[in-house]
Amino acid sequence: LALPDTVETLRHRDRVEVVSGSLSDSAVLAEATRGVQIVYHLAAIHLSALRAISDPRDLSTMNVEGTDCLLRACAIAAVRRIVFTSSMAVYNPAPWPFMWPIHETHPLRTTGGDNLRSYALSKIEAEELIRRAHQEHGIETIILRAPAVYGPGAPWLDRLVRSIATNPWSALTRLGRFAGNQWIERRDLARAIIISGTTA
């Protein structure tokens, strides 16, 4: 399932069936989930787009209401498992190494600026919907709370590394402390998502 204006940018689209549409279209979701056993749910307004968000309700519309629509389609189609990509933004911050590792029972809390809090809340609410789908419909559910993702195509990370390389003292600032956070390389995250869907 891909937004209409992104279909042409998809790599290897000749190898997969692409359904064009959005999470708000129940007919499209019915088509996309028909005969499907495993759903990988990665659709969301992401952290990288937060600065462009003028209305926090947009986050709820996409990340929460969109997830609810998808789960209803999954229940009707008798989907066996859904793998949901959430975010470590849902956790109470653990900025210092002595507070690590962050684990599944670490407290959930919305923190940061307005948009970051709204983003975290949207992910927490979406996770609640995912768990409810398991309880009410027996769908196997896996939630992956991804940390910061690095690799090609992450210009913000390039800017961060260049800033610290140019001014090493910035490593002692708030920006530098962010660089000491937990990270995952994008191919490792992709493998984790696939394994979550395919391992019994």
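Guide: A nonpolar core is a set of buried Ala, Val, Leu, Ile, Met, Phe, Trp, Tyr and Cys residues joined through side-chain atoms within 4.5 Å. Buried here means under 20% relative accessible area, exposed means over 50%, and partly exposed covers the values in between, with a 1.4 Å probe and protein chains only. The model is predicted, so local features need a pLDDT of at least 70 and side-chain atom pairs count only at pLDDT 80 or more, whereas totals for chains, interfaces and linings use all residues. Residues are numbered from 1 along each chain as its sequence is written, and side-chain values use heavy atoms, with hydrogens and water left out.

The largest nonpolar core holds 16 residues, and those with the most contacts inside it are Val-39, Leu-70, Leu-71, Cys-74 and Ile-82. At least two residues of this core come from each of helix H2 (57–76), strand S2 (81–87) and helix H3 (114–137). Among the contributors, H2 gives the most, with 5 residues. Helices (H or I, at least four residues) and strands (E, at least two) are DSSP runs, numbered from the N terminus. In general terms, nonpolar side chains tend to be buried together in soluble globular proteins.

Not counting residues up to four places away in sequence, Leu-71 touches Ile-82, Leu-129, Ile-130 and Ala-133; a contact means heavy atoms within 4.5 Å.

His-41 counts as buried because its relative accessibility is 2%. Leaving out residues up to four places away in sequence, His-41 touches Leu-23, Thr-67, Leu-70, Ile-82, Val-83, Phe-84 and Thr-85. With one of these, Thr-67, the side chain of His-41 makes a side-chain polar contact at 2.8 Å. A polar contact is a pair of N or O atoms within 3.5 Å; within protein, one must be able to donate a hydrogen and the other to accept it, and residues adjacent in sequence count only if both atoms are side-chain atoms.

Strand S2, which supplies residues to the core, also contains Ser-87. Ser-87 counts as buried because its relative accessibility is 6%. A polar atom of the Ser-87 side chain lies 2.9 Å from the backbone nitrogen of Ala-89.

Ile-194 is found in helix H6 (residues 186–198), and its C-alpha atom is separated by 8.7 Å from that of Val-83, 111 residues apart along the chain. Ile-194 is partly exposed, with a relative accessible area of 48%. Apart from neighbours within four places in sequence, Ser-196 is in contact with Arg-81, Val-83, Ile-142 and Leu-144. Ser-196 and Tyr-40 are 156 residues apart in sequence, and their C-alpha atoms are 9.3 Å apart in space.

The loop between S2 and H3 holds Trp-100, which is partly exposed, with a relative accessible area of 28%. Trp-100 and Gln-182 are 82 residues apart in sequence and 9.3 Å apart in space, C-alpha to C-alpha.

Most residues other than glycine have a negative phi. Ala-78, in the loop between H2 and S2, has a positive phi of about 55° although it is not a glycine. Ala-78 is exposed, with a relative accessible area of 55%. His-12, placed in the segment before helix H1 (26–33), likewise has a positive phi, near 60°. His-12 counts as partly exposed because its relative accessibility is 39%.

The protein chain comes to 6 helices and 5 strands, following the pattern α-β-α-β-α-β-β-α-α-β-α along the sequence. Of its 200 residues, 34% are buried. Of the contacts with a separation of 6 or more, 62% are between residues 24 or more positions apart.
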